[in-house]
Amino acid sequence: MSISKKEQVNHNQLFLNGKSRLKEIDPELSALFDHFAFDEVLQYTQLTIKQRMKVTLATLITMQCVNEFKIMLNAAFDIGVTPIEAKEIVYQTVRYVGLRKVFDFSQVTNDVLIKRGI
């Protein structure tokens, strides 16, 4: 399964360098994911890319996906999510999943901001 032009455009909107570790180690899974995430799902949304990224970040916290959160947080900053918005997402999820489950995400957010010079 090859990635369509539409999927590639949507993918590149979030990941400016276009590189994917998953694509290198498992191209078939990468193609399935890209088709789903960057084509099928987007056909039914009316959210802006920035709104979708905020929802994605909150969801990754609730699912305890630290590595994916870090990747998507960088993509979120690249498309215009502000540091204040990112921190607020982390703060708001404490009420729903608890401080212990959010602590690592707070640290990742701080690390990414420091790495970006913010």
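Q: Where in the chain is Gln-64 placed?
A: In this predicted model, Gln-64 belongs to the loop between α4 and α5.

Q: Why does Gln-92 count as partly exposed?
A: The limits are again under 20% for buried and over 50% for exposed. With a relative accessible area of 32%, Gln-92 is therefore partly exposed. Gln-92 is found in helix α6, and its C-alpha atom is separated by 9.6 Å from that of Val-102, 10 residues apart along the chain.

Q: How many helices and how many strands does the protein chain have?
A: There are 7 helices and 0 strands. From the N terminus on, the elements run α-α-α-α-α-α-α.

Q: Why is the protein chain described as being as compact as a globular protein of that length?
A: The globule rule gives 13 Å for 118 residues, and the radius of gyration is 15 Å, which is close to that value; the chain is therefore as compact as a globular protein of that length. The C-alpha trace spans about 40 × 30 × 25 Å along its principal axes.

Q: What share of the 118 residues counts as buried?
A: The share is 32%, the criterion being a relative accessible area under 20%.

Q: Which members of the largest nonpolar core touch the most other members?
A: This core has 26 residues, and those that touch the most other members are Leu-14, Met-53, Leu-57, Ile-61, Phe-69, Met-72 and Leu-73. The elements that give two or more residues to the core are α3, α4, α5, α6 and α7. The largest share, 6 residues, comes from α5.

Q: How do you know that Met-53 is in contact with residues beyond its neighbours within four places in sequence?
A: Contact requires heavy atoms within 4.5 Å. With those neighbours left aside, Met-53 is in contact with Leu-14, Met-72, Ala-75, Ala-76, Ile-79 and Val-81.

Notes
Residues are numbered from 1 along each chain as its sequence is written. This is a predicted model: local features need pLDDT of at least 70, side-chain atom pairs count only at pLDDT 80 or more; totals for chains, interfaces and linings use all residues. Side-chain values use heavy atoms; hydrogens and water are left out. A nonpolar core is a set of buried Ala, Val, Leu, Ile, Met, Phe, Trp, Tyr and Cys residues joined through side-chain atoms within 4.5 Å. Buried means under 20% relative accessible area, exposed over 50%, partly exposed in between (1.4 Å probe, protein chains only). Helices (H or I, at least four residues) and strands (E, at least two) are DSSP runs, numbered from the N terminus. The radius of gyration is taken over C-alpha atoms; the globule rule is 2.2 Å times the number of residues to the power 0.38.
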